[in-house]
Amino acid sequence: MKNIGDPLPRVDGPAKVTGAARYAYEWQVPGMAYAVLVTSNTARGRVLEVDASAATREPGVLAVLTPQNAMRLPGPTQGEPPDRVVQALQDDRVYFSNQPVAVAVADTFERAVHAALMVRIRSEPARHTVRLEDELANAVPHDLIAGGRSIPADEARGDVARGLREADARVEQTYETPPETHNPMEPHATVAVWEAPDRLTVYDSTQWVFAVQRKLARAFAMPKENVHVIAKFVGGAFGSKGSPWSHVLLTAMAAKQVGRPVKLALMRPHMFGMVGGRPHTRQKLALGARKDGRLTALSHQSASATSRFDVFVEGCALQARHLYACPNIESKHRIVRLDIGTPTFMRAPGEASGSFALESALDELAVALDLDPLELRLKNHAEKDPIEDRPFSSKSLRACYAEGARRFGWEKRSARPRAQTREGMLVGMGMATAAYPGNFAPAQALARMNADGTALVQSGMLEVGNGAYTVMRQVAADALGLPVEKVRFDLGDSTMPEAPITAGSISTASVGSAVLLVCRALRQRLEQMGASGAASYAEVVQRAGGAPIEERSKAAPGEERKRYTMLGHGAQFAEVLVDPELGMVRVARLVGAFACGRVLNARLARSQLMGGMVWGIGMALHEHSVYDEKLGRIISRDLADYHVASNADVQSIEPILVEEEDTVVDPAGVKGMGEIGTCGAAAAIANAVFNATGRRIRSLPITPDNLL
Amino acid sequence: MRHFSYQRAASVEDAVRAGPGAAFLAGGTSLVDLMKLEVLNPSRLVDVSRLDLRGIEARPDGLRIGACATNSEVAAHPEVKRRFPVLSEALLSGASPQLRNVATVAGNLMQRTRCAYYRDLATACNKREPGSGCAALEGWTRMHAILGGSERCIALHPSDMCVAMAALQAVIHVRGPNGDRDIPFGDFHLLPGDHPEREFALEPGELVLSVFIPFSAAGMRSRYVKVRDRASYAFALASCAAGLEIASGKIRAAQLALGGVGTKPWRVPEAEQALQGQSPERVAFQRAAEIAVRGAQTRRDNAFKMELARRTAVRALTLAAEGA
């Protein structure tokens with residue numbers, strides 16, 4: 001029997017499409033009250049007065065929490081770093097526009113909305129800056145966190161200046177990516193129920209129930225066991241639900257203050273600022289190469305925006321450390337503090353924005369050298385990690401290039417811009433390399449064999465659209481030798497064995513490994529008890545008294561992480577059609593070939609990659625959180641103004657799975673696929689736009705006005 | 001959302017009687033949205049969506065379209081597609097299928113601006129709150145008007161349908177406390193001037209009953225071109241409705257209106273006249289396009305609209321000349 005790799009449809013698909021799947025806001029508890037946030041209009045300053053007198057006189061209004069009357073939390077509002085610093089009405093400071101400054105609570109949602117709109121805020125504004133350019137001079141180096149590890153801000157090898165001097169061709173350019181805002185279909189939502197004065201149940205839309213648990217436990221100074229966090233389904237997250245934000249604390253505070261269960265959902269405009277977003281970046285690239293295309297220098301310096309009160313670093317220059325063979329490399333990260341909400345991880349954080357710059361610069365270098373862009377990349381294929389000087393645990397990038405180019409028809413590309421037209425449209429083709437770390441973090445799981453021969457497997461990861469319920473069931477069934485129907489996998493509960501954050505392409509590899517190990521252990525134990533094959537499990541359990549037989553295991557990375565560099569790789573190919581006069585760009589085709597170790601479910605892997613590639617279209621052409629600099633406020637605050645790709649923008653998307661075996665990366669042999677589909681996609685599209693038009697766009701998004 | 005009363009009109013007369021001081025509700029795609037944001041706060045709603053105002057009727061000299069016909073119905077109507085392809089194209093280029101299925105013709109006539117400042121209570125807006133100022137003037141103006149603005153308001157008119165109707169020289173039939181009257185399309189939308197809060201040439205209580213579009217040869221040879229940031233569900237950066245009547249190789253009559261650039265649907269009769277008698281060729285189209293954007297005032301983020309609007313007009317005229 002084979003389970004792993006089977007294109008099993010999502011086991012939770014019917015529940016999702018029929019509405020049976022319960023999302024955070026849908027949990028109902030008797031006596032529920034409803035909370036709505038009131039947010040600041042100023043970008044910096046102090047709240048002088050919150051006038052809630054009219055609001056609290058309205059029928060059904062239970063309370064309006066303000067900086068003056070909100071309960072003082074006995075503990076810190078930040079969990080263990082890197083948990084985010086949040087504002088929870090503990091003082092009168094305003095750090096960014098759209099920061100929560102009051103919470104209206106009422107007996108119905110409508111009354112809470114009404115009350116929130118009646119609250120008047122008087123504040124004392126201070127001078128603010130939300131423009132990256134204005135603070136670039138004050139940029140400072142900062143280490144970053146990626147894949148759960150701390151990584152130094154700067155790394156270098158060799159002498160880049162010398163490498164540039166020795167080069168026959170050089171590209172020195174600045175690239176820019178705009179602030180972007182995650183907009184999952186389901187906005188953040190929290191339901192807080194105090195079961196006792198020191199016991200709290202929370203239903204939350206989160207990527208990490210354990211972080212929510214720890215943050216609440218610390219803030220309310222309770223043992224973490226007293227906080228029970230449940231999240232059975234999450235309606236998209238993309239990094240924005242990786243850290244619990246202010247609304248989680250505020251909901252629990254509101255519930256405590258009104259003495260009732262409280263539910264709170266962010267409204268769409270609330271998404272812009274208080275729950276992260278991808279930071280604005282400015283990236284300087286310097287590449288030097290010999291005539292034959294071999295790189296002599298690669299410098300990638302990134303500056304990204306963060307808030308005044310917390311740090312997030314977009315790891316734009318990380319790929320430069322591992323992707324191409326070059327004797328002289330430097331990679332630097334700087335942060336720029338602005339009066340904005342703290343940015344956070346957004347699908348392929350760093351790699352998506354960084355690959356736009358790096359892979360655009362390589363395309364410019366190919367033009368300067370009159371080399372095919374794919375050939376240039378092959379010339380600089382890294383056989384080992386260029387900075388760490390160590391092997392890759394596996395690398396199938398050459399196969400990705402070859403398979404992607406073949407399926408795309410790369411040989412039909414004309415090197416000369418504006419050389420091809422179709423029905424009056426300019427046709428362009430571009431490509432880019434994709435890479436994303438094969439992350440692995442400690443994960444625990446339990447597996448239980450029941451007396452009826454069915455198995456239950458648990459780990460506190462999340463279903464965020466990743467297919468966790470399906471894939472983990474497959475892994476478990478495979479290890480136990482059972483058909484998938486006989487295995488149930490459950491997740492999303494802080495009382496379950498601890499899992500890492502469901503983000504950063506970590507969780508399938510990590511929890512998948514834990515599930516694999518625990519099911520192997522369970523199988524071994526059953527075999528020791530006399531089982532011979534899956535058909536005899538029930539009998540063995542019954543013979544032993546009928547109580548379920550349970551095993552718990554932990555999977556964790558070891559020394560191999562120091563000996564190998566672990567990356568998933570891919571190659572993206574884009575064909576665009578550009579209206580020569582009106583500047584409208586259509587991505588006619590996007591082909592991506594990816595090698596990410598073992599594929600657990602080909603259907604869901606393709607879905608993940610396809611979603612990532614569509615995200616790349618949005619990044620290339622649409623997404624932009626527009627700040628009004630004078631007001632210090634994002635003004636593209638709804639889905640009509642904040643564009644993501646619509647169905648009509650997505651034409652042919654073809655993800656290709658390239659076979660790869662990796663016996664080192666983690667026990668499951670998996671490199672996560674949540675992000676890699678986005679890596680390189682925007683660059684491939686921008687490079688195709690250059691090929692179509694001869695116009696090099698170095699600042700995203702590429703909109704018609706850039707191409708007139 | 002503020003408290004309001006809701007009344008379902010039993011008849012047109014009933015609606016008109018209840019009209020003064022109330023807001024008429026049809027599809028609700030604009031009104032309800034803005035009420036949720038508290039941008040519009042009518043104390044009374046009079047629901048006219050169930051009145052018999054949905055018919056589309058061919059008359060000898062034109063098409064009469066009921067005020068409550070939905071965008072989808074109008075776009076798909078065979079006579080609309082045959083007589084006024086530009087109108088069908090404009091409607092189908094707007095919003096999403098879900099919205100088009102409920103949005104109505106009269107609602108679309110009265111569609112409010114998508115100016116981000118108008119929709120954000122945290123900012124100053126003379127249209128929303130007369131005398132409070134205009135945050136857009138010194139703000140992000142990429143989606144703001146370059147034609148028809150004033151020092152008090154540069155909010156863009158967002159409708160696609162209205163651009164086509166402006167070009168087709170539709171007439172709006174209304175009924176009010178003082179009886180029926182017809183309003184030429186060009187007079188229906190007001191320029192912001194000193195009073196951006198006044199948007200329509202409607203008297204208190206007046207209800208739109210229908211829109212009449214006269215048949216024309218140019219209307220049958222008409223096209224709509226819309227340039228936008230994504231392929232669907234996006235407002236125009238620039239758009240153009242163009243129709244041409246061509247006889248013996250010359251333009252006999254032209255219809256031309258721009259969208260995405262004006263504080264109202266921007267029809268320029270001088271540009272139409274400039275096309276008359278000309279050969280339907282690029283040079284004539286460029287000249288007309290030049291005239292169409294005359295007087296434009298651009299700002300930091302919308303300077304591109306000038307050139308984009310010209311090119312969009314040339315494209316629409318070119319397609320119209322190529323014919324159905």
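Is A:Ala605 buried or exposed? In this predicted model, select A:Ala605, which lies in helix α15 of chain A, residues 602-621. A:Ala605 has 24 other C-beta atoms within 10 Å, and a residue with 20 or more counts as buried; A:Ala605 is therefore buried.

Next, display the surroundings of A:Ala605. Apart from neighbours within four places in sequence, A:Ala605 is in contact with A:Val599, A:Leu657 and A:Met673.

Now turn to the contact between the two chains. Chain A contributes 30 residues to this contact and chain B contributes 25 residues. On the side of chain A that touches chain B, select helix α3 of chain A, residues 109-118, which supplies the largest share, three residues. Colouring that side of chain A by residue class gives 13 nonpolar, eight polar and nine charged residues.

Finally, move to chain B and select helix α12 (residues 282-292) together with helix α13 (residues 304-322). The axes of these two helices of chain B come within 9 Å and cross at roughly 135 degrees, so α12(B) and α13(B) are oblique to each other. Their crossing is right-handed. To view the contact itself, show B:Arg282, B:Phe285, B:Gln286, B:Ala288, B:Ala289, B:Glu290 and B:Ala292 on α12(B), and B:Arg310, B:Ala313, B:Val314, B:Leu317 and B:Thr318 on α13(B). By class, this contact of α12(B) with α13(B) comprises seven nonpolar, two polar and three charged residues.

Methods:
Residues are numbered from 1 along each chain as its sequence is written. Chains are lettered from A and ligands numbered from 1 in the order in which they are written. This is a predicted model: local features need pLDDT of at least 70, side-chain atom pairs count only at pLDDT 80 or more; totals for chains, interfaces and linings use all residues. Axes are lines fitted to C-alpha atoms, for helices over the stretch in contact, and angles run from 0 to 180 degrees between N-to-C directions. Helices (H or I, at least four residues) and strands (E, at least two) are DSSP runs, numbered from the N terminus. Angles under 35 degrees count as roughly parallel, over 145 as roughly antiparallel, 65 to 115 as roughly perpendicular and the rest as oblique. A crossing is left-handed if the near helix is turned anticlockwise from the far one by less than a right angle, and right-handed if clockwise. Two residues are in contact if their C-beta atoms, placed from the backbone, lie within 7 Å. Ala, Val, Leu, Ile, Met, Phe, Trp, Tyr, Cys and Pro count as nonpolar, Asp, Glu, Lys and Arg as charged, and the others, Gly among them, as polar. A residue is buried if 20 or more other C-beta atoms lie within 10 Å of its own, exposed if 12 or fewer, and partly exposed in between; C-beta atoms are placed from the backbone.
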